[in-house]
Amino acid sequence: MSQEGYPIEPASLLQAVEQAADGIVFTDTQGTIQFVNPAFTAMTGYSSDEALFQNPRILKSGCHPEEFYEGLWETIRSGQTWSGEVVNRRKDGSLYTEEMRIAPVRNSNGVTTGYIAIKHDVTEKRASEEKDAFLAAIVENSEDVIIACSPSGVILAFNRSAEKILGYSAEDVLGRQVSMLVPPERVIALEDTIRMLLEGISVSQYEGLCLSKDGRRIPVSGTGSLIKNSAGEVIAISNILRNISERREAERDRALLASIVESSEDAIFAADLDGSIVSWNPGAERMLGYTSREIIGSNVTCLATPERLSYAHEIDQAMRDGNTVPSFDAEILAKDGRDIPAFRKVFEQAPIGICVGHLNGHFIQVNAAFCAMIGYSERELLAKTWMDLTDPDALPLAIGLTERLQQSPLGAVEEKTRYVHRDGHTIWVRLNI
């Protein structure tokens, strides 16, 4: 022990202060700086000569209200220690965040002779925390299922969309094997995916099945990636899964529509805006005599009889201008030169609901299938708008479809919505507009 009764010699104490990693500042009772160590200079950019006899307000950033500093001084002047976080400004004008602790310095009589402030720069730490919080918010608010598991398959994280889509709460699954979320026959495939990732093989946009809490099998498209620590060691595996149930349903719907077209006895064909025929169903082959190989690429006007050719051009131009062409009678020229009377039976006899309407929502035409679906007669529907039929809760989304349709580069949109049947019950429908 030294002669002064301290366990450390004053010279050694001063050396320790000089070498401290944290910034250390001594002030008198008025707050005038009497000493700063090199760590303070490294943190703030002010040398000892520049800081001495200044007030600590030279570091003031303007980020805190005056009440903040008043509370700080009230605490230390009452003889208590103040600790907290402060945003200060360096000599070069840049801001930094520090954790600071200020305590009174007393003499042997217990009289406060000054204050000591110990400052620790936490700027990078806070930036890292904010980044982590930002990324965590993205994960939590993502519409995709995001699940993290350990290399051994133990679930470590389970976001809000995972809870919503799979039906489990995070508490239900954390700490359990990720294999619980796939059907039994997909467990080996899951294990192979984890093994590939750990071997450094990229696994992106694979398709699989998830098993929900209620036993439903949910088709998903997934991407797996490794999560490594600062040492490059794998600490977890992330799985981002997109529910593709609606896409699968849409694919089935399109396949159904395609099969209806293919199996129809009616001639059904499509042409692009230049009038070139791009599709030709078996019904058209049987009725008009052309095979699809023969006719695809030809201009649709080759099917018009000479006396109807000018009308065919008018119809073509009307469709180019985006106008609706109502049902019309026509004569189509077959391969063998016969004139075949034809009309728009596809619209009237289609097994799915079809309607034509103005942009203001009023119906122009409705087919029998649509009338049967919604419960109203054709006359009743022609006096209504599609907004009258839409479930009120689904109306905001439905109204947005018109804008989406006008902005769509394909000139088409697809959406699920809810209609209200004439008897009051709700009908889920898939719209192709």
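This note goes through a sheet, some salt bridges and some aromatic contacts in a predicted model.

1. Basis. Because the model is predicted, local features need pLDDT of at least 70 and side-chain atom pairs count only at pLDDT 80 or more, while totals for chains, interfaces and linings use all residues. Residues are numbered from 1 along each chain as its sequence is written, and side-chain values use heavy atoms, with hydrogens and water left out.

2. The sheet. Five strands in the order S7-S6-S10-S9-S8 make an open sheet with antiparallel pairing. Strands here are DSSP runs of E with at least two residues, helices are runs of H or I with at least four, and both are numbered from the N terminus. Two strands pair if DSSP finds at least two bridges between them. Strand S7 (155–158) and strand S8 (203–211) are at the edges; each has a single partner strand, so one side of each lacks a neighbour in the sheet.

3. Inside the sheet. Strand S9 (residues 217–228) and strand S10 (residues 234–243) run antiparallel and are joined by 9 bridges. Gly-222 has Leu-241 in S10 as its bridge partner.

4. Salt bridges. A salt bridge is a side-chain nitrogen of Lys or Arg within 4 Å of a carboxyl oxygen of Asp or Glu. The count by this rule is 20. One of them joins Glu-99 and Arg-126 at 2.9 Å, N to O. Glu-99 lies in strand S4 (residues 95–106) and Arg-126 in helix H5 (residues 123–141), 27 residues apart. Arg-126 is buried at 15% relative accessible area, and Glu-99 is partly exposed at 32%; buried means under 20%, exposed over 50%, and partly exposed in between (1.4 Å probe, protein chains only).

5. A link to the sheet. Arg-217 forms a salt bridge with Glu-185, with the closest N and O atoms 2.3 Å apart. Arg-217 is in strand S9 and Glu-185 in the loop between helix H7 (170–173) and helix H8 (187–198), so the pair ties together parts 32 residues apart in sequence.

6. Aromatic pairs. Rings of Phe, Tyr and Trp (its six-membered ring) pair if their centres lie within 6.5 Å; planes under 30 degrees apart count as stacked, over 60 as edge-to-face and the rest as tilted. The count is 8 aromatic pairs. Among them, Phe-26 and Phe-35 are tilted, at 5.8 Å centre to centre and 55 degrees between the planes. Trp-280 and Tyr-290 have ring centres 6.3 Å apart and planes at 80 degrees, so this pair is edge-to-face. Trp-280 is buried, at 7% relative accessible area, and Tyr-290 is also buried, at 17%.
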